[in-house]
Amino acid sequence: MPWNQSGSGGNGDDPWGQRNQNWGNRNRPNQGPPDLDEIFQQVLSRLRRFKDRKGGGDSGGGRGNGSDERRPGRGLGKIPVLVLLLVGLGFWVFTGFYTVDQGEQAIELRFGKYSETNGAGLHWHIPNPIESVEIVNTQKENTVQVGYRDVGRGKQDVPKEALMLTQDENIIHIQLAVQYDIKDPTNLLFNVSEYNLENLADGVVRQAAESAIREIVGRSSMDFAITEGRAQLASETKSLVQEILDRYETGINIVTVEMQDAQPPEQVQDAFADVVRAREDEERFKNLAEAYANDVIPRARGFAARIVQEAEAYKAAVIARAEGETARFSQVLDEYWKAPEVTRERLYIEAMEQVFSNTSKLVIDQPEGGNSVMYLPLEQLLRSQRNASQDVLNNPSSGQAGVAPVGGSQTGLRNPNRTSR
């Protein structure tokens, strides 16, 4: 009997006639809850029949039998819809689970409004369209290139960003590399227009870095920016970029700003290269001159200090000697007044001792009755005697007879008759 035809008698052939009967199995009335597998099989069977009915039209005009016969059919049609709703609800709830990796933060939004921030781990939120999640990597360092782009293994210049005007009205070509990370993803999400993490560098950091470097270069001369001012320009640019980003509360932290290149435009690079080489030669000559001065000046100062010290030592020695002589003379004078004769004799002997100690002496052995007055070239004798003594020391076999050293600076002449007058 088709499901849309009513039974002819009230004998229970109509499965929908009794509402308190178990609808899941008409052969087991009032026997407890139905078996779930049986229910699903019946639901699938009813769905197939419903599909066949929709495709082949009504059979037997069963829809005109009254409202009591149509009501059970509508109750059965709610069963697959409810199951689908439960399955869909379960899938919808399951989509609310998400995982946050280390170094990332998840921002939960409820109807587009900030709800909370979650760290690493497994979390759940009310699925779309009620809540949504934005995950931001806060530890990854991104790089922005200003004035150039990396293309494969080379670089491609971007003159629109690289060419800038200096304070002395010269054009300079500058390339920067800016590294940054995210310190506050909430500010990044709500304060940066058209937020997109992949295009963040193009939209925010690059514009701020370009604006900052143009301001810094506009306050500097071209020579300073090309030569010794690169490190200072990079440091000032980093501070200014960070100030700009903090002013707009972007939540971006600038890690480093590196000056990749700073040079004049290509059309005048040769002339500026000559200027740079001349400046380098000037610095080299200055360094050589300073090195020479550092070598000569200390030596001259040391020599002058040594002369001064020697003069002071000589002065001290002369003064001490004069004071000693004065004290000695005073003592001798006191002794002289006590014994004049003895003091004169002692002074004479001391004077002769001092004189003879500083002169060369000869001892002449003269026989009795000889001529006591003679002329002798004493200096020549002493000189020849020194030469002979030196020859004897160097070559003992060539010694001269009649001449022998007496000792010290004194010399004895044994045979004066053999000496030329």
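Predicted model: local features only at pLDDT ≥ 70, side-chain atom pairs only at ≥ 80, totals over all residues.
Residues are numbered from 1 along each chain as its sequence is written, and side-chain values use heavy atoms, with hydrogens and water left out.

Glutamate 131 sits in strand S5, residues 131–137 (strands are DSSP runs of E, at least two residues, and helices are runs of H or I, at least four, numbered from the N terminus). Its relative accessible area is 3%, so glutamate 131 counts as buried (buried is under 20%, exposed over 50%, partly exposed in between, with a 1.4 Å probe and protein chains only). A polar atom of its side chain lies 3.0 Å from the backbone nitrogen of isoleucine 126.

Now for the surface. Leu89, Trp92, Val93, Phe94, Phe97, Leu122 and Trp124 make up a nonpolar patch there, with about 710 Å² of accessible area together. Helix H2 (67–94) and strand S4 (121–124) each bring at least two residues to the patch, and H2 gives the most, 4 residues. Phenylalanine 97 belongs to strand S1, residues 97–100. With a relative accessible area of 45%, phenylalanine 97 is partly exposed.

Stepping back, the chain has 10 helices and 14 strands. Buried residues account for 24% of its 421 residues.

How values were computed
Patch = residues over 30% accessible without salt bridge, like charges linked within 9 Å, V, L, I, M, F, W, Y side chains within 5 Å. Areas by Shrake-Rupley, 256 points an atom, 1.4 Å probe, with all protein chains shown as cover. Salt bridge = Lys/Arg side-chain N within 4 Å of Asp/Glu carboxyl O. Polar contact = N/O pair within 3.5 Å; in protein donor to acceptor, adjacent residues only side chain to side chain.
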